[in-house]
Amino acid sequence: MTPGGADPDDELVARAGRGDAAAVRALVARKLGRVLALAERLLGDAAEAEDVAQETFLRVWRHAAAWRPGRAKFDTWLHRVALNLCYDRLRRRRERPTAEPPDQPDPGPAPDRGLEAEDVGRRVRAALSALPERQREAIVLCHYQALGNIEAAGLMGVSVEALESLLARGRRALRGALADLAGPH
Amino acid sequence: MTEERFRTLADAHGGDIGRWPAADQAAARAFAAGQAMLAAQILAEAGRLDVLLFADRAVAPSAELREAIIARAPTGRAGRPRRWAMGAGLGLGLAAACAAGVAAGVLLAPPSVVRLLAGAPSPPADDVSGLVAPAGQAGGV
């Protein structure tokens with residue numbers, strides 16, 4: 001729940017649940033980018049991330065009519081659903097060791113030009129993909145999804161202290177992997 | 001807040017106190033006000049990684065994905081004919097076709113047949129009802 005007490009998504013979810021087409025569009029506009037970004041960074045695969053986004057919203061449509069304001073924050077519930085779908089896919093990957101790993105972005109710049117923002121982005125995405133799963137998850141939830149520490153720890157099923165440790169270790173690993181880019185100014 | 005705690009928070013959450021846990025922000029700002037040089041150094045160091053992390057921008061959802069998701073929302077079906085309605089329309093069409101066929105048959109039939117038909121009892125009103133799916137059995141959702 002937000003500090004003010006009211007969930008900013010409650011009204012939109014309720015209207016979407018009543019079949020209000022404008023609310024459906026507004027809810028998708030507000031949340032699809034977040035869900036897609038979460039899945040892309042956790043799975044490292046754009047097509048799989050789109051599948052997760054579709055499955056997540058199917059569950060939203062299924063539950064919107066029965067959504068009860070005040071029981072849970074909608075954004076947290078949405079992250080829970082998307083995270084579980086990502087976990088399922090990551091688990092299936094682990095169970096099929098021979099499966100082709102998803103394409104990783106090419107971490108290096110083209111040889112004939114310097115580092116541009118896009119290249120840096122690719123390097124960062126590759127470094128993020130190389131992190132242990134739980135560290136990556138902590139960084140994605142806190143840094144990219146901008147969830148609060150209590151919310152993120154709850155979603156991951158760990159204590160706030162454990163989350164802080166995962167974040168610090170993840171960031172340390174990223175600093176190491178990106179040391180040539182993050183040099184002292 | 002101690003220097004150690006300040007460093008721990010910067011290590012975990014980066015160089016922007018505004019993105020640290022809400023419960024720690026006031027104390028962190030107080031520490032930064034009292035230890036300006038040290039705090040600035042810690043924050044700047046953590047902030048360098050933040051800048052890099054923000055270079056990884058998420059791709060915007062495609063219009064196709066957005067529309068596919070919207071189309072599967074409950075309202076996505078509102079503009080489409082429901083199955084039961086289509087069934088009812090088909091039933092009514094068939095009923096109309098049958099009625100037209102009977103009428104044409106009467107017009108083209110020999111008089112004896114017409115007389116026979118005229119003397120026959122009228123078919124029950126619900127004869128064609130089986131062709132029209134009741135709305136209650138629709139399952140158009």
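This is a predicted model: local features need pLDDT of at least 70, side-chain atom pairs count only at pLDDT 80 or more; totals for chains, interfaces and linings use all residues.

Tutor: Residues are numbered from 1 along each chain as its sequence is written, chains are lettered from A and ligands numbered from 1 in the order in which they are written, and side-chain values use heavy atoms, with hydrogens and water left out.

Student: How many salt bridges are there over all chains?

Tutor: Side chains of opposite charge can pair when their charged atoms come close. With a salt bridge taken as a side-chain nitrogen of Lys or Arg within 4 Å of a carboxyl oxygen of Asp or Glu, the count over all chains is 22.

Student: Are A:Lys31 and A:Asp9 buried or exposed?

Tutor: Buried means under 20% relative accessible area, exposed over 50%, and partly exposed in between (1.4 Å probe, protein chains only). A:Lys31 and A:Asp9 are both buried, and their side chains form a salt bridge at 2.8 Å, N to O.

Student: Which residues does the network of salt bridges with shared partners join?

Tutor: A:Asp9, A:Arg30, A:Lys31, A:Arg34 and A:Asp75 belong to one such network.

Student: Which residue forms a salt bridge with A:Arg125?

Tutor: The partner is B:Asp56, with the closest N and O atoms 2.8 Å apart; both A:Arg125 and B:Asp56 are buried.

Student: Which residue pairs with B:Arg5 in a salt bridge?

Tutor: B:Arg5 pairs with A:Glu164, again with closest N and O atoms 2.8 Å apart. B:Arg5 is partly exposed at 28% relative accessible area, whereas A:Glu164, at 10%, counts as buried.
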